[in-house]
Amino acid sequence: MNTLKYVVKRVLLSLVILFFVALIIYTIMRCLPTSYIENVARAKATQPNSKTYEEWMAQLTVSYGMDKGIISGFFVWLGQALQGNFGDSWQYTAPVLQKFSECIGISFWMSAISMVFEWLIAIPLGILAARKQYSKTDYTISITAIACMSLPTFFLIALLKLVFCIKLGWFDLIGVIGRDYAMLDPWHQFLDRAAHLVLPIFTLVLISIGSLMRYVRTNMLEVLNADYIRTARAKGLSESKVINKHAFRNTLIPLVTFLGGSLPGLFGGALFTETMYSIPGIGYYSYHAMSAGDIPFSMFYMTFSALLALLGNLLADILYAVVDPRVRVS
Amino acid sequence: MSDLKEKLRIDNDFVPIEPDDKYILQVNALKKYFPVKGGIISHTVGYVKAVDGITFNLKRGSCMGLVGESGCGKTTVGRTILRLEDDKTGGQVLFEGREVYDLSPKEMRALRPKMQIIFQDPFSSLSPRMPVSEIIGEAVREHGLVSKDEFDDYIDHIMDECGLQPFHKDRYPHEFSGGQRQRICIARALALNPDFIVCDEPVSALDVSIQAQIINLLKDLQNEHDLTYLFISHDLSVVEHISDTVGVMYLGSLVEYGDTADIFRNPLHPYTQALFSAIPVPDPTVKMNRIVLEGSIPSPVNPPKGCKFHTRCRNCMACCKEVAPEQKEIEPGHFVTCHLYDDVKSVSET
């Protein structure tokens, strides 16, 4: 009962936050120096026998619905959004939701696969680093992880492309299919697609592994220094039992929360990675929509991202109460 | 540079002792230093001399109290004896005649049930994700101490002995009070049928009324199971109550060691005298002659030269600042490490 009350309270609070986030995003989008309408008007005005730029501007501003002020414009957007109508994308000349559902698939699968790898690699590495704290192994793992975390994504991708695409020639530089894709049989088409996703997924794993690894390491260290681990050792349990049964089990609680928090991120796409590899995912399209000043699409994508972040936090908190009986919601 | 080298040199000269059947535990010149890391490449720049040459023997079925102010290395002594530290820095630890640190991991695991520990803080020494029956029974199963059919009865029996109810079995540690948790810790140690238990300040985290219960429980269990205790505490009245012998530690060294009665009746070392003068007497009419120690405890990284206590000793002499005193047996079984007794003939010499 108490938990339910808490969840309801959190959801209501999240809605308030979401409202203001959307308002701020809308304001910023309206104030951007790139204006989609201006570009269109300028292009149309250069055509022979056309109306002047000013006339086109006046006409287009009204037809795109930008003749209203920022606040009233926002409420118009909000009112439609609440009815599930996010409008048509200016850039892609299609309904926003339709465009979104077209490009979310590849983003989701890329994120999901890289997340599996991230967890499979980061947890053992984190445990290893914690068990050998301050050793050469620990430093090697930690420094590599921090390097991958802190290198700007575009730089890391450039390095990877240099090594794997140019020097070794294993993969294509960009795109999701090869030039002779159409001539392949279905099995080889699948392999071709898979090969094009190797490097993007590798990149996603590299940039995300560090934070999880360090999270595991910190939590593991805290547990390993606890008295009950000393108790377990004093009991004469084998080292693997001490680590797996006593230490790791207690590390799992914060990890479950981390997992809950990152689940919604699966739908967020990877802006840099998708753009750098020209993968037609949600990150790639939203980047192009934003740089073109496509307000409906950008509004949808960014509000959706904010919703995912809020959802992640909420999920993490609820999971925490579920997995740890000691946490009482108060 | 040579200065640093000198600082990092570990003096490990000691006369090895032979195993003696009389004693369950023999500790000889035991040292445990912790490296102090510093500099950019985090190399060792010094040592915390937590335990700096400690010698004592423990008879089977006896209880030795280990007292001293906080930070003097009492806990490290207990942990080092049980090989809960990775290695010792020097000296010997013979448990039932065998050097504990020479055992292979397999032999060590087989020995673990025989030597157990009860930690100070019952709130952190129990795994929060395990029910009580699992905490107590896990190692019993692991070491195959009782058969499967008897397992449940055995756990019930142990819990009953430690004053826990059978319905407590499925609860988690956070559902218990401090006193009950400490009972779980004791049950956990006892379930392995040990010969020797290090009690590392088992009551200092509990309030006074519970302290007495736990102390009496430990005493009863000792009589029933013929246990040997190393009882670490800073509470002198508790130590007087439970111990047969007492060791007084100061800055990693044992300054005085002997029968509880002898030490409390006739403390010889100036530090022991100061410590004992601070025991509160539950009588407002008694005028206390407290010996107040000047200054604070020196850093164990740079302990004073000569006798480590000389900076705070009211009987400090010239030789105390230069030469470290040797442990000397003044009365039978009563050892003291102090220059005041240089002229007194050792019992072993006469």
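Tutor: Let us begin with Ala29(B), which lies in strand β1 (residues 23–38) of chain B; helices (H or I, at least four residues) and strands (E, at least two) are DSSP runs, numbered from the N terminus. Please note that this is a predicted model, in which local features need pLDDT of at least 70 and side-chain atom pairs count only at pLDDT 80 or more, while totals for chains, interfaces and linings use all residues. Residues are numbered from 1 along each chain as its sequence is written, and chains are lettered from A and ligands numbered from 1 in the order in which they are written.

Student: What is the phi of Ala29(B)?

Tutor: Most residues other than glycine have a negative phi. Ala29(B), although not a glycine, has a positive phi of about 50°. Leu251(B) is not a glycine either, and its phi is also positive, about 50°. Leu251(B) is located in the loop between β9 (245–250) and β10 (253–259) of chain B.

Student: Is Leu251(B) buried or exposed?

Tutor: A residue is buried if 20 or more other C-beta atoms, placed from the backbone, lie within 10 Å of its own, exposed if 12 or fewer, and partly exposed in between. Leu251(B) counts as buried because it has 23 C-beta neighbours inside 10 Å. Ala29(B) has 18 other C-beta atoms within 10 Å and is therefore partly exposed. In chain A, Gly79(A) belongs to helix α4 (residues 70–82), and it counts as exposed because it has 10 such neighbours inside 10 Å.

Student: With which residues is Thr303(A) in contact, leaving aside its neighbours within four places in sequence?

Tutor: Two residues are in contact if their C-beta atoms, placed from the backbone, lie within 7 Å. Thr303(A), found in helix α13 (residues 295–323) of chain A, is in contact with Val21(A), Ala22(A) and Ile25(A) when neighbours within four places in sequence are left aside. Thr303(A) and Val21(A) are 282 residues apart in sequence, yet their C-alpha atoms are 7.3 Å apart in space. By contrast, Gly79(A) and Tyr134(A) are 55 residues apart along the chain, and their C-alpha atoms are separated by 56 Å.

Student: At what angle do helices α2 and α3 of chain A pack?

Tutor: Two packed helices are described by the angle between their axes and the distance between the axes. Helix α2 (residues 36–45) and helix α3 (residues 53–63) of chain A pack at about 135°, with their axes 9 Å apart; axes are lines fitted to C-alpha atoms, for helices over the stretch in contact, and angles run from 0 to 180 degrees between N-to-C directions. Angles under 35 degrees count as roughly parallel, over 145 as roughly antiparallel, 65 to 115 as roughly perpendicular and the rest as oblique. The two helices α2(A) and α3(A) are therefore oblique to each other. Among the residues making this contact are Ile37(A) and Val40(A) of α2(A), together with Tyr53(A) and Trp56(A) of α3(A).

Student: How many bridges join strands β11 and β12 of chain B?

Tutor: Two strands pair if DSSP finds at least two bridges between them. Strand β11 (residues 328–331) and strand β12 (residues 334–336) of chain B pair in the antiparallel sense over 3 bridges, and Lys328(B) stands opposite Val336(B) in β12(B). Their hairpin has 2 residues between the strands, and Gly333(B) takes a positive phi near 75° there.

Student: How many residues of chain A are in contact with chain B?

Tutor: There are 16 residues of chain A in contact with 22 residues of chain B. On the side of chain A that touches chain B, α9(A) gives the most, with 6 residues.
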